[in-house]
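Good morning, and thank you for coming. Please look at the sequence and the structure on the screen while I speak.

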Amino acid sequence: RWIDPSSFIKHPRVRLFTLLIYKLPSIDSMSIEEELELLVQLKELILKLRRAPEWIESGIFVVSTVSLWNSLRKRAKGLVDRMEKHLKERLNQTLDSLLSQFRKYDRLLFFRSINPQAMLHNKAMVDNVVKNEMDSSISQLVQVYELLYRLSQHIQLDSMQHESLLSIVSFRLTLLQQLNEHRIFFHKRMSSFMSFVQKSQSTVAAAATKLLDKSAVTSQFVNPHEAPTYLEQLKGIKPVVSQLCSDLDALNEFEVVVSLIPTEIPRLRSLKGDVILMEDLFESTIEYYSHVNEFFELRRTQVVIVESESIVERVLNRLNECEKKAGQHRSLRHFILQVRNDVDKFKKNFPVVEVMSCKRFLERHWVKISEIVGVDMSVHSNSKVAVI
């Protein structure tokens with residue numbers, strides 16, 4: 001009642017320990033540097049708590065602060081212990097990640113093979129890490145070394161962390177020599193690697209020519225009602241196209257390694273995209289015509305027009321997407337046009353079927369409908385949609 005807590009917290013002696021009184025931000029969202037800085041501040045506060053006064057004047061009172069300092073000291077030590085453990089874990093993760101990178105470089109550079117394909121693939125990977133990864137790893141090593149030094153000023157580190165750093169440094173010191181030895185080994189056998197790449201160029205070109213001739217049949221895929229047959233034919237073409245594109249990618253990788261201009265087969269790349277597009281289009285078409293057949297086989301009271309409208313809308317959207325991707329592919333555009341015409345015809349059934357699917361028709365309703373149509377419709381009260 002007589003002591004205002006907010007005024008007490010603002011007391012100069014208490015204000016020194018504001019960091020321990022209020023809630024700290026989550027250490028998970030901090031960088032290692034920020035977390036280390038906070039740790040240093042907490043350790044300084046623990047030292048100051050040893051010299052904190054046992055009594056503080058507040059207004060007309062003299063307040064005992066022993067329990068306050070004990071609570072803050074306990075909290076500070078708990079935070080320090082948790083942060084030291086957390087910082088060690090983060091350091092271990094960083095060291096493990098860096099050690100994994102340098103071990104990868106060591107494995108790649110140590111690799112030797114008389115198999116041209118294996119060695120060319122290895123050289124491509126080495127060139128990639130030298131260009132895109134190695135400099136970053138070396139810079140990171142410098143940063144980790146400085147970080148470990150700073151952490152060791154405030155935390156008792158384990159021998160394991162120092163050993164990990166020494167292992168990384170050891171890999172770093174041998175890196176240049178390994179690169180030179182790997183380069184020498186490769187260049188001594190350059191003629192055999194060049195011969196292998198040139199032979200691969202001929203093989204891929206011949207396979208591509210054969211495949212493109214075989215795939216000419218896709219230009220005849222124009223009848224929507226033959227979609228199941230077309231889809232079956234695509235199943236034989238698709239894996240061959242996929243494999244040949246993978247072979248071309250590997251060949252391009254090898255050509256770059258031996259300083260040759262990468263082989264380009266635009267029609268093959270285009271065929272891969274066309275096959276994926278046709279497969280998607282034919283599956284959607286089969287699904288649509290299957291629904292149409294089921295629709296006309298239903299009894300009039302079984303029809304759910306909303307469901308059919310949803311399927312039609314989905315098919316039309318898919319046709320529009322495929323048409324955009326088809327570009328100048330004449331057979332596909334003709335196929336899409338026919339399906340769209342069939343969909344438009346199918347939609348014209350909806351108004352009549354929607355009325356006739358009513359489950360509440362009485363005899364007088366059938367009489368009225370028969371008068372309008374000029375045919376006795378009461379005999380079709382339980383007929384299929386196709387009959388109506």
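I begin with a definition: a crossing of two helices is left-handed if the near helix is turned anticlockwise from the far one by less than a right angle, and right-handed if clockwise. What you see is a predicted model, in which local features need pLDDT of at least 70, side-chain atom pairs count only at pLDDT 80 or more, and totals for chains, interfaces and linings use all residues. Residues are numbered from 1 along each chain as its sequence is written, and side-chain values use heavy atoms, with hydrogens and water left out.

Let us turn to helix packing. Two packed helices are described by the angle between their axes and the distance between the axes. Helices here are DSSP runs (H or I, at least four residues), as strands are (E, at least two), numbered from the N terminus. Axes are lines fitted to C-alpha atoms, for helices over the stretch in contact, and angles run from 0 to 180 degrees between N-to-C directions.

Helix α5, residues 66–110, packs against helix α7, residues 134–152, at an angle of about 150 degrees, and their axes are 11 Å apart. The two are therefore roughly antiparallel; angles under 35 degrees count as roughly parallel, over 145 as roughly antiparallel, 65 to 115 as roughly perpendicular and the rest as oblique. The crossing of α5 and α7 is left-handed.

Leaving aside neighbours within four places in sequence, L147 is in contact with I32 and L91.

In α6, the residues M119, L120, N122, K123, V126 and V130 meet L179, H182, F185 and F186 in α8. That contact divides into seven nonpolar residues, two polar and one charged.

I come now to the aromatic rings. How many aromatic pairs does a search of the whole structure find? The search finds 15. Rings of Phe, Tyr and Trp (its six-membered ring) pair if their centres lie within 6.5 Å; planes under 30 degrees apart count as stacked, over 60 as edge-to-face and the rest as tilted.

F196 and F254 form a tilted pair, 6.3 Å centre to centre with 55 degrees between the planes. This pair links distant parts of the chain, 58 residues apart: F196 is in helix α9 and F254 in helix α10. F196 is partly exposed at 23% relative accessible area, whereas F254 is buried at 6%. F346 and F350 form an edge-to-face pair, 5.1 Å centre to centre with 80 degrees between the planes. F346 is buried at 3%, and F350 counts as buried at 7%. Ring pairs also link F346 and F350 into a cluster with Y288, Y289, F295 and F296.

Finally, T218 lies in the loop between α9 and α10. T218 is buried, with a relative accessible area of 6%. Beyond neighbours within four places in sequence, T218 is in contact with L234, I237, M278 and S331.

Technical notes. Buried means under 20% relative accessible area, exposed over 50%, partly exposed in between (1.4 Å probe, protein chains only). Contact means heavy atoms within 4.5 Å. Ala, Val, Leu, Ile, Met, Phe, Trp, Tyr, Cys and Pro count as nonpolar, Asp, Glu, Lys and Arg as charged, and the others, Gly among them, as polar.
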